[in-house]
Amino acid sequence: MIKEIFKPNPEFAKDARIKNMCEYQELQDEAMRDYEGFWGRYAKEKLEWIEPFTNVLDESDFPFVKWFEGGKLNVSTQCIDRHLGTRKNKAAILFEGDRGDKQTITYLDLYNNVNRFANLLKNEFGVKKGDRVVIYMPMIPEAAYAMLACARIGAIHSIVFGGFSAEALRDRIHDANAKVVITADGAYRKDKPYMLKPVVDEATKGESPVEKILVVERNNEKIEWHEGRDFSYNKLIKNQSNECDAEPMDAEDPLFLLYTSGSTGKPKGVQHNQAGYILWAQMTMEWVFDVKENDTYWCTADIGWITGHTYIVYGPLAMGATTVMFEGVPTYPDAGRAWKMVQDYKVNQFYTAPTAIRVLHKMGEHEPLKYDLSSLKVLGTVGEPIDPAAWKWYYEEVGGGRCPIVDTYWQTETGGHVISPLPGATPIKPGCATLPLPGIIAEILDKDGNKKEPHETGFMCIIRPWPAMIRGIWGDKERFVKSYFGDVKQNGRGVYFTGDGANYDEDGYITITGRTDDVINVSGHRMGTAEVEAALAKEDEVAEVAVVGKPHPIKGEGIFAYVVMKHSLKDSRFESYEAIEKELNEMIKKEIGNIALCDDIVFVPGLPKTRSGKIMRRILRSIAKGEEITQDISTLEDPSIVATIKSLVK
Ligand code: WT7
C-alpha cells in the first residue's frame, strides 16, 4: 500500500534542531561509525557532571550494561538548578486543576518546593539514598515535586497510577519493599472529589513494609488518620528549608522503578538509572518536539505512566521548557476543554494518545474550530498505532493541516522515544512511526536475528544498548534477561526484543503492527492477559478463564474474557449470568482497577486446548474478532469446542 506523504513545513524546518534528512542521516552515520563517541559527545554536551565519566559504555556483562561509568551527577540538578541562571522566573510548570484553578510554578519556585520536599523526606522521614518511595498521587504539582525530591536525595521512586486498586498498590509496595508512600487525600475529577488515601490505607493494612505515609491535602475530604504513621504534607512542609544539597549519584544508580505488565506473571518493576535516562529524556524532548525557549508544551499523560515521567516531568524540565500539567480530563466540562487550554496557554506542542484523539473526535468533530489553535506547531501521539481516521482529524481539524504529527513509538522499557519522525526533517506517512532516532539501531528481525525483507512482519528489535534502556527488573535478574533478550538471538547474543511486531517499507519506514505476546493495549495502557485472568480466577465459581484482546473503536483494544464456570448456573450461587458478570468485574476492580474492566465476558463450557493442555489463544482471538478460523483445529483435544464457543459469541 502506498501511503500519502506529508513533507515538513519549510518555515518550521528552517529553525528546527534537525532541519532535513541529510542532517538526520549525518547523525545516524556518526552513531554507526563511532557509537561511543556519539553518545559520549552528547553526554558531555547535555549534562552537567559533578564528576566526569571515564567510560562511555561497558557491555562486558551484557545485557547488564553500564553507561557513563565513573560519572556523578544529580537528576534534580539537571532539571532545576542549572536553569536558575537564565530561567529563574520562567514558568517550569503551568498547572491547571480539574475545576479550573491555576498555578504558575517558576523554576525558582520549583527549586524551593523540591528542596523543601527533599528536606521533609530526609529529615522528618529519614529517607536515604537507595530507599524506595512509592508515589500514589493525582496530577498535581506536588507529584512532580515528590519525584524530583526523591531524585535530589537519591531515593528511588516508584509511581503507581492513581487508577490502580489497593491490591495492585499493595503488590507494588511489597515488591519494591517501600518504606514510605506519598499520596494525597484525593483530588478532583469532573468537578467531583475522589479519594486516594483510603486506597493506601487498604493497601498497607496488615503486614506492610510501609512505615510512614505523607498525605498532600488536596480536596480536604475527611480521611482516616493513623497517628505516628500518617503525616500531613501541608503542615510539615512549612518548616522545611529551601536549601537541600543534591546527592551526587553514580551514573548507574537507580533513579526510579515503574511497574508494567508482561506477558506472564505479575507486573515487573522496570528499573531506570540516572545519567542515561535523563540524557535521552532531554535529547528526545529537544529533537522530537523541537521545543523553543519561549514555547509552551503540553503532554496529556498521567505521571503514573512512563509518558508522564519522561515527557511531563523529566524531559521538559531537563531542557528548561515550560510544561503544562493538567489534573482533569480533556472532555470535561465539554469536548472543548483541551482546545480551550491550548488556546489559553498558547500551547505550541501538544502530545496525546490515539484513544484521546478518537474520543475528542467523536465528541466534537468541528469543536477545535471554535478555538484559536494557531499557536500549535507540533502534534504528537503515543501508546498505540494511530488509525487513519484519527490521524486525518488530528492533522486537519486540530493542526489545521500545518503541524507535523510525530507518531512516537517507545515503551516503559525504552525510557524515551526510539522510533519517531523529526518534525522539521522527516516526511511523514500517516500511521507510521517512521525511522529510528539518531543513535538508535533498530531492526525488524526473525527469531534467529535475520533481517526481514520489506513488508514482511517480524520482531521489532533494538540491536545495541541505548542510554535510556531498561537496566533491570527489580529483584529479578533472570526475568529481565528472559523477558527481553530471550526470544531473538543474533550471533549467539540476545537482542533486545520489544514484544511488538513491525514491518518496513521500501523507504525503510517502520510501521508497528502491535504486540506479539499476551499483552493487550487498552487505551494505550498495557495490560497482561495473565493478570486479568488471575484476577478473574479469584472468583471461586470460576473453573478456567482465558483473556484476549479485541479491536475496540475508541480504546484500540478491549478486554474479552472467556470464562468456564465450575457449576451450571442453577447449581451456582448466582441468579443470572449478569450477576456473575457483575461479580467478575468487581473482582477486577478490586485486584487491578477500573482500567482492566472486561468489555466482553462470555461463558463457555470449555476452552480450545491442545492435547498437552495449552490454551490456543490464537483461536480465541479470532473468535472474539469474528474472524473465520483458518488454523488447523484437528489437533485440539476437543475440536468441536470451537464451534460451540463460536455459537456463544455474539
Ligand atoms: C507499548 C508500550 C510509550 C509510552 C506509552 C505506552 C505500544 C507505544 C506506539 C506507537 C504503535 C505503540 C507498543 C509498545 N506503542 N507507542 N507510536 N505506535 N504502538 O507505554 O505501557 O510501556 O506500552 O505501547 O505496543 O510496546 P507502555
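Analyst: Gladly! Let's begin with contact, which means heavy atoms within 4.5 Å. This is a predicted model, where local features need pLDDT of at least 70, side-chain atom pairs count only at pLDDT 80 or more, and totals for chains, interfaces and linings use all residues. Residues are numbered from 1 along each chain as its sequence is written, and side-chain values use heavy atoms, leaving out hydrogens and water.

User: Which residues does L110 touch, not counting those up to four places away in sequence?

Analyst: L110 touches I80, A92, I93, I105, Y145, L148 and L317.

User: And how do I read a nonpolar core?

Analyst: In soluble globular proteins, nonpolar side chains tend to be buried together. A core here is a set of buried Ala, Val, Leu, Ile, Met, Phe, Trp, Tyr and Cys residues joined through side-chain atoms within 4.5 Å; buried means under 20% relative accessible area, exposed over 50%, partly exposed in between (1.4 Å probe, protein chains only). The largest core has 134 residues, and F68, L110 and Y314 have the most contacts inside it. A second, separate core of 43 residues includes V160, V200, V210 and V532.

User: Why do the buried residues of helix 20 line one face?

Analyst: An α-helix has 3.6 residues a turn, so residues three or four places apart point the same way. Helices (H or I, at least four residues) and strands (E, at least two) are DSSP runs, numbered from the N terminus. In helix 20 (residues 640–648), I641, V642 and I645 are buried. They fall within an arc of 105° seen down the axis, so they line one face; the arc is that of the directions from the helix axis to the C-beta atoms. The face turned away carries exposed A643 and S647.
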